[in-house]
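Hi,

Here is the two-chain model we talked about.

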Amino acid sequence: MDAKQELQVQQKRELDKKEEGTIPVRAFLPTADIYESQDALKVVLEMPGVEKGNVDVRVEDGVLNVEGRLDLTKYQGLQPLYTEYNIGHYSRSFRLSNKINQDKIGAELKEGVLSLTLPKVEEAKPRTIQVN
Amino acid sequence: MITAFADPFDALVNLQRSLEARLASDWLADQTTSQGPFPPINVFQQGSDLLAIIELPGIDKDSLQIQAQENTVRIAGKKTVSYPEGVSVHRRERIFGEFDRTLSLPVQLEPDGIKAEYRDGILALFLPRSERDKPRTIKIS
């Protein structure tokens, strides 16, 4: 057998909204990787089709909210023949485990991948605990 | 009088419904290739030509290889996800690896006219139909 593992399609997960909108529009959860370094939390989100100006990042009450909106004008005049995925705006929230310096949040969007750097505040940096 | 609301959400709902309606439609049923392999592809009609829109976030453009023949398109490449050293992982959902997918279409293409564009994590393939495949209007004399 081929040793090379085949890449599987990841089904898009739909956003579970707390309240329903009046219009039955669907939004999707961007796939996320989150990792922590000594002084920052890094959040990487995949939002294919989202352009630079259409991303909204907020931290409120320790919750990170990220939204990405699609530009629908590109789909004007197109007649779908065969589809394998649906499209929609992206939205996702995370309750942050660390205190974040909100003024220094860094965001970079490249090829549909949003990378957020959330610097930890001094007091939230880890202390080594000595075992006696 | 009916007032038309220029609500962008309406446009999105309609688009989502039309995409849903063609989900795994039997348009490719007679072909050797099937639905399913990575990356996911949507095929649209644009005039008399085709447009394939493929979601491929975070790919190095140079790693993408696209080959076209009369009625097949092959998309191959590699998706890499790297983590800096010494970090602790909270969540790991993104997938990565090599992919190689062939899509065969029920129409003849004009291989020289195919154009590919990669932007914002979306690969768009403009697939012009070959001239001899296009419908012709026949005049009754």
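Predicted model: local features only at pLDDT ≥ 70, side-chain atom pairs only at ≥ 80, totals over all residues.

**Across the chains**

A:Glu36 stands opposite B:Ser88, which belongs to strand 5 of chain B. That pair is part of a link between strand 2 of chain A and strand 5 of chain B, which run antiparallel and are joined by four bridges.

Residues are numbered from 1 along each chain as its sequence is written, while chains are lettered from A and ligands numbered from 1 in the order in which they are written.

The open sheet has five strands in the order 8(A)-9(A)-3(A)-2(A)-5(B), with antiparallel pairing. Strand 8 (106–110) of chain A and strand 5 (88–92) of chain B each have a single partner strand, so one side of each is left without a neighbour in the sheet. On average, neighbouring strands here are turned by 15 degrees against each other, direction ignored (axes are lines fitted to C-alpha atoms).

**The interface from chain B**

In total, 51 residues of chain B are in contact with 40 residues of chain A, contact meaning C-beta atoms, placed from the backbone, within 7 Å. Helix 1 of chain B gives the most to this side, with eleven residues. By type, the chain B side divides into 27 nonpolar, 14 polar and ten charged residues (nonpolar is Ala, Val, Leu, Ile, Met, Phe, Trp, Tyr, Cys and Pro; charged is Asp, Glu, Lys and Arg; the others, Gly among them, are polar).

**Cores and one buried Phe**

The largest nonpolar core has 20 residues, and B:Val43, B:Leu50, B:Leu51, B:Ala52, B:Ile53, B:Ile54 and B:Leu127 touch the most other members. Such a core is a set of buried Ala, Val, Leu, Ile, Met, Phe, Trp, Tyr and Cys residues joined through C-beta atoms within 7 Å. Strand 2 of chain B gives the most to this core, with five residues. Another core, of 19 residues, lies apart from it and includes A:Leu41, A:Leu45, A:Leu70 and A:Tyr90.

B:Phe99 lies in strand 6 of chain B. Why does B:Phe99 count as buried? Because 21 other C-beta atoms lie within 10 Å, and the cut-off for buried is 20 or more (12 or fewer is exposed, in between is partly exposed; C-beta atoms are placed from the backbone). Leaving out residues up to four places away in sequence, B:Phe99 touches A:Leu7, B:Phe38, B:Pro39, B:Ala76 and B:Gly77.

**Confidence**

The predictor gives the complex an ipTM of 0.82 and a pTM of 0.82. Chain B has a mean pLDDT of 85, with 87% of its residues at 70 or more; pLDDT is the predictor's confidence in each residue, from 0 to 100. Among the elements of chain B, strand 8 has the highest mean (95) and helix 1 the lowest (82).

Cheers

Definitions and conventions. Pairing = 2+ DSSP bridges. Helix = DSSP H or I, 4+ residues; strand = E, 2+ residues; numbered from the N terminus. Axes fitted to C-alpha atoms, helices over the stretch in contact; angles between N-to-C directions. Contact = placed C-beta atoms within 7 Å.
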